[in-house]
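Please look over the points below with the coordinates open beside you.

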Amino acid sequence: MSGERQPIWPAYEEYGRKLLEPYGTPGASVAIAEDGRMTYHHGFGYRDAEERLPITPDTVFGIGSITKSFTAMCIMKLQEAGKLSVYDPVVRYLPEFRTPDPELTRQMTIHHFLTHTSGLPPLPSLMRALARSMREDPDVDQPEARKRIEEAEPVDTYEQLLECIANTPFELLGPPGEFFSYSNDAYALLGAIVARVSGQSFTEYLRKEILEPAGMTSTTMDVPEGPAFPDVSSLYIEKEKDGKEWIKKSPVWWQAPAMDAAGFLRSSARDMLRYLEIFRTGGRVGDRRILSEESVREMTAPRVQVSPTMYYGYGLMITPDYHGVTLVEHGGNVKGVSAYMSVVPERGWTGV
């Protein structure tokens, strides 16, 4: 990746084009840093294919579930401040949290939510949290999907989310800590805990404690528009017509305020490389300490095994032996985007 190996980039870019073109992918942004310095960025295609607008390091995209690592970091910040412990029961902060098994509910801790080991199965809450956005989206046009959205009772607040979970019939997968099951609901409720403990909205706490200190000026939970966001990717989706798939621009950014903490941040490659410095350096971005070294170690510890070589930490996927080094990563998908970030701390490499 260093300067003497720059000749690899033309071959890499040719590989990237061959990978993206068969799927009609309008554009992609790839950035790599070494020891905190961006050494490579390439914009494949366009941020707006019709207008042929280029992709830059500052082009804003959705990052989907990469947001979960930010949520976990907010929890660690509150732990550092002595406001909570990751081993506290969830019901200490969310007393109205209920599942079909009251005893197992009382056993669930913040740690279990962070590691997707609470025992919660996948639930329909996300669709209800997205309901208002999806109703406004002309591309949600399949009759069955449109009917479900129109009939759904929207979930707009944490209180409504807690009520939705309490009133949904389901069976827990098992006692807390026994099974890994990826849970957007758990991370949404971590956002609720951040809000209640901090006395601020989750978004405001995230902005003050992480985004602003890290210098992430192109990162937002809101729809990125207006003068503050002049460089934003358009959204493209895959549709099917007459048995053929095609890619089209789509107008509506989906919002789900009750589920923000699970996957609704938007950011740029440059901002994300700044964020990844926290994991490369043990908590710093430049001369600003964002998180303690101990909290970074807690976030990146391999907590629960999810494959023969990979573990989940706190909002992060960890491969302890990835060809002799540690790989810290996470991906994200939301309407119009697929995103991925990675860090190899021993080599000083970060990428998005």
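1. Leaving out neighbours up to four places away in sequence, M259 is in contact (heavy atoms within 4.5 Å) with L126, A129, L161, N184, D185, A188 and F264. M259 is buried, its relative accessible area being 0%, where buried means under 20%, exposed over 50% and partly exposed in between, with a 1.4 Å probe and protein chains only. The residue sits in the loop between β6 (244-250) and α11 (260-263); helices (H or I, at least four residues) and strands (E, at least two) are DSSP runs numbered from the N terminus. From M259 to T309 there are 50 residues in sequence and 30 Å in space, C-alpha to C-alpha.

2. On the basis of these values: this is a predicted model, in which local features need pLDDT of at least 70 and side-chain atom pairs count only at pLDDT 80 or more, while totals for chains, interfaces and linings use all residues. Residues are numbered from 1 along each chain as its sequence is written, and side-chain values use heavy atoms, with hydrogens and water left out.

3. Strands β11 (residues 311-312) and β12 (residues 317-322) run antiparallel and are joined by two bridges, strands being paired if DSSP finds at least two bridges between them; Y311 has I318 of β12 as its bridge partner. The hairpin they form has four residues between the strands, and G315 in the turn has a positive phi of about 75°. β12 also pairs with β13 (residues 325-334) in the antiparallel sense, over four bridges, with T319 opposite L327. Two residues lie between the strands of that hairpin, where H323 takes a positive phi near 55°.

4. Which strands each supply at least two residues of the lining of the largest cavity? They are β4 (60-64) and β7 (265-268). Lining residues have an atom within 4 Å of a point of the cavity, which is a set of points on a 1 Å grid over the protein atoms alone where a 1.4 Å probe fits but cannot get out. The lining includes W253, W254 and R266.

Methods. On a 1 Å grid over the protein atoms alone, a cavity is a set of points where a 1.4 Å probe fits but cannot get out, and a pocket is an open set with protein on both sides within 12 Å along at least five of seven lines; lining residues have an atom within 4 Å of a point.
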